[in-house]
Amino acid sequence: MPTALLWFRRDLRLSDHPALVAAVEAAGRDGTVVPVFVVDPRLWETSGRPRREFLRGCLADLREQTGGAQVIRSGDPVRVLPDLVRETGAESVHLSADAGVYGRARDAAVERALGDVPFVRTGSPYGVTPGRLTKDDGTPYRVYSPFARAWRARGLHGPAPRRDDVAWAPDVRSEDLPPAQDLDGTVLPPAGERAGLDAWALFRDQRLLGYATSRNTPGTDGTSRLSAHLKYGTVHPRTLFAEAQQLAEDHAEAVDKFVGELVWRDFYADVLWHRPETAREPFNEQMKAMQYDTGPAADEHFAAWAEGRTGYPIVDAGMRQLHGEAYVHNRVRMIVASFLCKDLHVDWRRGARYFFDHLVDGDLASNNHGWQWVAGTGTDPSPYYRVFNPTRQGQQFDPDGAYVRRWVPELRDVPDRYVHEPWTMPGGPPEGYPAPIVDHAEERQVALARYQAVRDA
Ligand SMILES: Cc1cc2nc3c(=O)[nH]c(=O)nc-3n(C[C@H](O)[C@H](O)[C@H](O)COP(=O)(O)OP(=O)(O)OC[C@H]3O[C@@H](n4cnc5c(N)ncnc54)[C@H](O)[C@@H]3O)c2cc1C
């Protein structure tokens with residue numbers, strides 16, 4: 001009986017899954033498909049607990065949806081997959097292409113190890129597969145806006161049809177789900193394809209229409225909260241794009257904004273595909289000369305930032321949301337990142353690493369390039385002077401302090417006019433809440449001087 005192996009990775013769903021369709025077609029009418037997930041220690045051990053737990057939930061959902069046929073194996077995929085091919089007699093291996101730095105190298109090694117067994121990549125976790133969209137002269141885009149114009153002009157294929165007629169191979173030995181993680185009180189969103197589609201439906205029907213404005217107010221539920229689902233591929237951006245387009249005629253601005261965010265995700269993946277070293281190094285090579293603080297004082301500042309006790313309410317709220325939900329609102333990600341780099345003068349890589357360890361949606365391309373954008377080392381053409389003022393940002397985007405009050409209980413009873421600058425209260429900040437650890441106006445000048453020095457060098 002013909003057997004095709006489907007290697008799940010960042011595509012933990014059954015709907016809109018081109019590689020699944022390809023595997024079913026390869027197996028033919030009488031054949032079966034082996035749905036395998038390999039727990040690769042190199043990825044598992046370097047993932048923070050929220051991501052491990054979310055992945056575990058996605059696998060549990062997939063196990064149910066495949067009627068228990070899902071096969072989990074641990075080990076190096078270069079060894080595990082050829083073994084499984086021999087064991088099941090699979091005639092081809094199907095997968096969605098991985099665009100990441102490690103994933104590309106791993107896949108090339110697996111392909112070599114499989115020898116003559118076809119290793120068939122169909123689709124990718126992105127709207128437009130990284131590397132496909134280039135400028136007219138064939139060079140990669142370095143700036144978001146022209147990339148977005150080209151992305152929109154190209155458009156996306158419609159979703160792949162869902163196959164509910166898959167004959168999953170029975171009785172292939174599987175390990176148990178990976179171990180549950182102790183999250184120390186962090187509350188994660190429900191994982192898995194069905195939860196992802198529910199989250200999307202809720203957002204599409206109730207929030208998308210107000211997205212253009214509500215996406216910037218961290219005190220409200222104005223965004224989709226789909227980032228972890230997109231990271232693990234429990235929903236595909238193509239599905240979101242197709243359904244959002246159906247609302248575009250009446251709600252052009254909201255849909256346009258939302259699609260624009262999906263394009264940011266594709267853009268950063270494309271940047272990393274062309275420049276893999278930018279996972280660690282500044283995209284703008286001139287910024288390698290930037291001076292950052294190190295040593296015990298910088299370590300103490302970093303600890304205050306990480307623990308949400310800087311004395312700047314919106315920064316502290318953001319870092320406490322990170323620990324409470326393994327998630328931070330986008331506006332606040334920018335504010336806390338700016339504060340670390342430009343008020344505390346700590347290297348963006350240290351903040352990016354911390355985020356990556358604690359976020360449930362931690363994604364190398366979006367995270368490290370999000371950090372680089374804020375740090376002024378990234379793709380944006382002239383950002384060095386952009387220093388977020390944490391007090392003004394709080395007042396503008398969280399005017400009634402709803403977000404700060406939610407995450408910083410010490411400030412719950414502070415009147416609105418002081419909630420973003422409690423040090424100005426008569427008698428100082430409420431008991432238990434710190435005074436600001438640095439003076440923003442002074443540190444802004446320090447940051448600008450350091451940027452200027454790099455530019456003048
Ligand atoms: C310093 C920093 C670090 C970040 N780290 C990550 C990360 O590790 N993983 C991650 O998925 N996103 C990251 N982002 C981008 C963004 O903050 C999150 O994608 C967003 O907050 C997720 O919430 P949501 O799903 O409700 O977003 P929505 O506003 O509903 O947006 C829909 C989707 O578009 C994508 N998206 C939105 N904004 C961005 C953006 N600026 N860059 C890339 N994709 C975007 C996400 O996939 C998101 O789920 C980071 C941004 C910054 C400034």
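**Before you start**

This is a predicted model, in which local features need pLDDT of at least 70, side-chain atom pairs count only at pLDDT 80 or more, and totals for chains, interfaces and linings use all residues. Residues are numbered from 1 along each chain as its sequence is written. Colour by pLDDT, the predictor's confidence in each residue, from 0 to 100. The protein chain has a mean of 96, and 99% of its residues reach 70 or more. The scores are ipTM 0.99 and pTM 0.97.

**Stop 1: the domains**

Colour three selections: domain 1 (3–124), domain 2 (126–158 + 193–274) and domain 3 (285–456). These bounds come from an automatic or database domain assignment. Now show domain 1 with domain 2. Their centres, taken over C-alpha atoms, are 25 Å apart. The contact takes 16 residues from domain 1 and 17 residues from domain 2. Here two residues are in contact if their C-beta atoms, placed from the backbone, lie within 7 Å. On the domain 1 side, α3 gives the largest share, five residues. That side divides into eight nonpolar, three polar and five charged residues. The classes are these: Ala, Val, Leu, Ile, Met, Phe, Trp, Tyr, Cys and Pro are nonpolar, Asp, Glu, Lys and Arg are charged, and the others, Gly among them, are polar. Helices (H or I, at least four residues) and strands (E, at least two) are DSSP runs, numbered from the N terminus.

**Stop 2: G57 in α3**

Select G57, in helix α3. G57 is buried, with 22 other C-beta atoms within 10 Å. The rule: buried means 20 or more other C-beta atoms within 10 Å of the residue's own, exposed means 12 or fewer, and partly exposed is in between, with C-beta atoms placed from the backbone. Leaving aside neighbours within four places in sequence, G57 is in contact with A191 and G192.

**Stop 3: the ligand**

Which domains give residues to the shell around the ligand? Domain 2 and domain 3 both do, so the ligand lies between them. Of the 27 residues around it, T223, S224, N330, N367 and G370 come nearest. A residue counts as near if its C-beta atom, placed from the backbone, lies within 6 Å of the molecule. Next pick out α9 (227–232), α11 (252–274), α14 (330–343) and α16 (364–375), which each supply at least two shell residues. By class, the shell has 11 nonpolar, eight polar and eight charged residues.

**Stop 4: helix α13**

Select 313–325. This is α13, with 13 residues. The helix reaches 18 Å from its first C-alpha to its last, close to the 18 Å expected at 1.5 Å a residue; the expected span is 1.5 Å times one less than the number of residues. Its buried residues are P313, I314, V315, D316, A317, G318, M319, Q321 and L322. The cover over them includes α12 (296–307), α14, α15 (348–358), α17 (390–397) and α18 (402–407). Just after the helix, A326 takes a positive phi of about 55°.

**Stop 5**

Step to F302 in helix α12. F302 counts as partly exposed, with 19 C-beta neighbours inside 10 Å. L340 is 38 residues away along the chain, and the two C-alpha atoms are separated by 7.4 Å. Beyond neighbours within four places in sequence, F302 is in contact with V346 and R350. R350 is one of the buried residues of α15, along with W348, G351, A352, F355 and H358. Cover there includes α3 (49–65), α12, α13, α14 and α16.

Then find H345, in the loop between α14 and α15. Its phi is near 60°, a positive value in a residue other than glycine. H345 is partly exposed, with 19 C-beta neighbours inside 10 Å.

**Stop 6: D16 and α1**

Finish at the loop between β1 (3–8) and α1 (18–27), where D16 lies. D16 is not a glycine, yet has a positive phi of about 45°. Is D16 buried or exposed? D16 is buried, with 23 other C-beta atoms within 10 Å.

Now select α1. Eight of its 10 residues are buried, so the helix is largely enclosed by the rest of the structure. They are P18, A19, L20, A22, A23, V24, A26 and A27. Among the elements covering them are β1, β2 (32–39), β4 (92–95) and β5 (119–121). Just after α1, G28 takes a positive phi of about 75°.
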